[in-house]
Amino acid sequence: MTVTEETAPVSHYDRIGGASSVKAAVELFYDKVLADPDLAGYFTEVNMPGQRRHLTLMLTVVLGGPNEYAGRGLAEAHQPLNIPVEHYVKVGEHLTVTLTELGVPADILADVQTVLGQVQDQVVAAGNRPGV
């Protein structure tokens, strides 16, 4: 083993098992979201295989895996949906529960939750943000 191999940090993506683990998480996550009556309506006109693929690519990037995402930005995709903060929080809860059920370590969960906090204003409609 070389020094580089010993000191190179392992990404969250690799730690949880790479592509197959991210795909499994996305499948379980959308099963939960689509079963949630408050959230399912956002997806009635959505191509779900494509949506699942987009989230798989996006979550891969968040976890430090290869960046192959070439879709729309978060704000462009979500602002027209007029999403209230309560629904954003529910989506985050579904993601956290999914990752927890799949045995994702606490430090990775914390990092994912940090990213959710950082991108909230891109997803939640401007008029639906606290303090606005």
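This is a predicted model: local features need pLDDT of at least 70, side-chain atom pairs count only at pLDDT 80 or more; totals for chains, interfaces and linings use all residues.
1. Helices (H or I, at least four residues) and strands (E, at least two) are runs assigned by DSSP and numbered from the N terminus. On this basis, Val-104 is placed in the loop between α6 and α7 (106-123).

2. Residues are numbered from 1 along each chain as its sequence is written.

3. Overall composition. The protein chain contains seven helices and zero strands, and its elements run α-α-α-α-α-α-α from the N terminus on. Of the 132 residues in the protein chain, 34% are buried (buried means under 20% relative accessible area, exposed over 50%, partly exposed in between, with a 1.4 Å probe and protein chains only). Among contacts (heavy atoms within 4.5 Å) with a separation of 6 or more, 72% are between residues 24 or more positions apart.

4. Helices α3 and α4. Two packed helices are described by the angle between their axes and the distance between the axes. Helix α3 (residues 19-35) packs against helix α4 (residues 48-62) at about 125 degrees, and the axes are 9 Å apart (axes are lines fitted to C-alpha atoms, for helices over the stretch in contact, and angles run from 0 to 180 degrees between N-to-C directions). This angle makes α3 oblique to α4 (under 35 degrees counts as roughly parallel, over 145 as roughly antiparallel, 65 to 115 as roughly perpendicular and the rest as oblique). Residues making the contact include Val-22, Val-26 and Phe-29 of α3 and Met-48, Leu-55 and Leu-59 of α4. By class, eight nonpolar, three polar and four charged residues take part in the contact of α3 with α4 (Ala, Val, Leu, Ile, Met, Phe, Trp, Tyr, Cys and Pro count as nonpolar, Asp, Glu, Lys and Arg as charged, and the others, Gly among them, as polar).

5. Arg-52. This residue belongs to helix α4. Its relative accessible area is 15%, and Arg-52 is therefore buried. The side chains of Arg-52 and Glu-27 are joined by a polar contact of 3.0 Å (a pair of N or O atoms within 3.5 Å; within protein, one must be able to donate a hydrogen and the other to accept it, and residues adjacent in sequence count only if both atoms are side-chain atoms). Not counting residues up to four places away in sequence, Arg-52 touches Val-26, Glu-27, Tyr-30, Asp-31 and Leu-34.

6. Helices α6 and α7. These helices pack at an angle of about 160 degrees, with axes 11 Å apart. That angle makes α6 roughly antiparallel to α7. The contact of α6 with α7 has nine nonpolar, five polar and no charged residues.

7. His-87. Helix α6 (residues 85-101) holds His-87, whose side chain makes a polar contact of 2.6 Å with the side chain of Tyr-42.

8. Two loop residues. Val-104 counts as buried because its relative accessibility is 12%. Leaving aside neighbours within four places in sequence, Val-104 is in contact with Ile-16, Leu-99 and Leu-109. Asn-82, in the loop between α5 (74-78) and α6, has a positive phi near 55 degrees although it is a residue other than glycine.

Technical notes. Side-chain values use heavy atoms; hydrogens and water are left out.
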